[in-house]
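Keep the structure open beside the text as you read.

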Amino acid sequence: MFKKKKENKNNKIDFDRLPRHIAFIMDGNGRWAKGKGKLRTYGHKIGADSLRIVIKHAQELGIKVVSFYAFSTENWNRPKDEVDEIFRIACNLIKSKKESMIKANIQLITSGDISKLPKELIGEIEDCIEKTKNNDGIVVNIAINYGSRSEILRAVNEIIKAGIKEVDEATFRKYLYTTNLPDPDLVVRTSGEQRLSNFLMFQNAYAELYFPKTYWPDFREKELEKAIIEFQNRDRRFGKIKG
């Protein structure tokens, strides 16, 4: 499933200027399914296929880190049947692809409070994290039961508990879920919506934002390459002036 190709022949991508970390807001599953006369849950099922394909192709291209907004703290407000199905799909995906991830040198990590998830899903996540922790290939960060405001408040409370009186940026970062990751260089939100929706707001301070109209279930290899090319066409100055 995650077997890496020897080379990629896309000559439009500058492989010397790849984004290190791409973060995805996987939006549009329900609308995609509705447009096909299907239930919203069908969109989540096909969306899981897109996630798998994007990970595989990102690894082929040489991307170091990919993050996926799988389930937000606000998503608990959705109908229970839909929430249960999202968790079932996630559990089955991890269970069925775990060995492939191990062999493909993929490391799985999560962002968010996984303690609130179903026990079976927690078990599969923890087992996959443990079995892939020594892999040094692409890092796959799944943001599940995640909200950026909750993450920031959690970090603040942990700092208070630690008795730290003064906090600089480096110290604060140690208390984030993403402490060992580079900040995203590129954020991709599918379906044409143009907002971050409480996703990695601290980490995305200097990320390039890309909002394709494509729904997530249709976001595959070519769409990923378009996003990278768009990123490489941006002029990133980080507050500086180019002379």
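On one side of the α2–α3 contact, R40, T41, H44, K45, A48, L51 and R52 of α2 meet E82, E85, I86, I89, L93 and K97 of α3; contact here means heavy atoms within 4.5 Å. Helices (H or I, at least four residues) and strands (E, at least two) are DSSP runs, numbered from the N terminus. By class, this contact has five nonpolar, two polar and six charged residues. For these classes, Ala, Val, Leu, Ile, Met, Phe, Trp, Tyr, Cys and Pro count as nonpolar, Asp, Glu, Lys and Arg as charged, and the others, Gly among them, as polar.

A word on what you're looking at: this is a predicted model, where local features need pLDDT of at least 70 and side-chain atom pairs count only at pLDDT 80 or more, while totals for chains, interfaces and linings use all residues. Residues are numbered from 1 along each chain as its sequence is written, and side-chain values use heavy atoms, with hydrogens and water left out.

Two packed helices are described by the angle between their axes and the distance between the axes. The axes are lines fitted to C-alpha atoms, for helices over the stretch in contact, and angles run from 0 to 180 degrees between N-to-C directions.

| Helix pair | Axes come within | Crossing angle |
|---|---|---|
| α2 and α3 | 10 Å | roughly 30° |
| α3 and α4 | 9 Å | roughly 20° |
| α2 and α7 | 9 Å | roughly 50° |

Angles under 35 degrees count as roughly parallel, over 145 as roughly antiparallel, 65 to 115 as roughly perpendicular and the rest as oblique. So α2 and α3 are roughly parallel, α3 is roughly parallel to α4, and α2 is oblique to α7.

Handedness is the next thing to look for: a crossing is left-handed if the near helix is turned anticlockwise from the far one by less than a right angle, and right-handed if clockwise. The α2–α3 crossing is right-handed, α2 also passes α7 in a right-handed crossing, and the α3–α4 crossing is left-handed.

Which residues of α2 and α7 make their contact? They are I53, V54, H57, A58 and L61 of α2, with E221, L224, E225 and I228 of α7. By class, that gives six nonpolar, one polar and two charged residues. The α3–α4 contact has nine nonpolar, one polar and six charged residues.

Now for the sheet. It is open, with six strands in the order β3-β4-β2-β1-β5-β6 and parallel pairing; two strands pair if DSSP finds at least two bridges between them. At the edges are β3 (107-111) and β6 (208-210), each pairing on one side only. From one strand to the next, the twist averages 20°. Strands β2 (residues 65-72) and β4 (residues 139-146) pair in the parallel sense over seven bridges, and Y69 stands opposite A143 in β4. Helix α2 (residues 40-61) packs on the sheet, touching β1 (21-25), β2 and β4, and its direction makes about 165° with that of β2. Helix α4 (residues 119-132) packs on the sheet too, touching β3 and β4.

Finally, the rings. Rings of Phe, Tyr and Trp (its six-membered ring) pair if their centres lie within 6.5 Å, with planes under 30 degrees apart counted as stacked, over 60 as edge-to-face and the rest as tilted. By this rule there are 14 aromatic pairs. The rings of Y146 and Y177 have centres 6.2 Å apart and planes at 65°, so this pair is edge-to-face. Y146 lies in strand β4 and Y177 in the loop between α6 (169-173) and β5 (186-189), so the pair ties together parts that are 31 residues apart in sequence.
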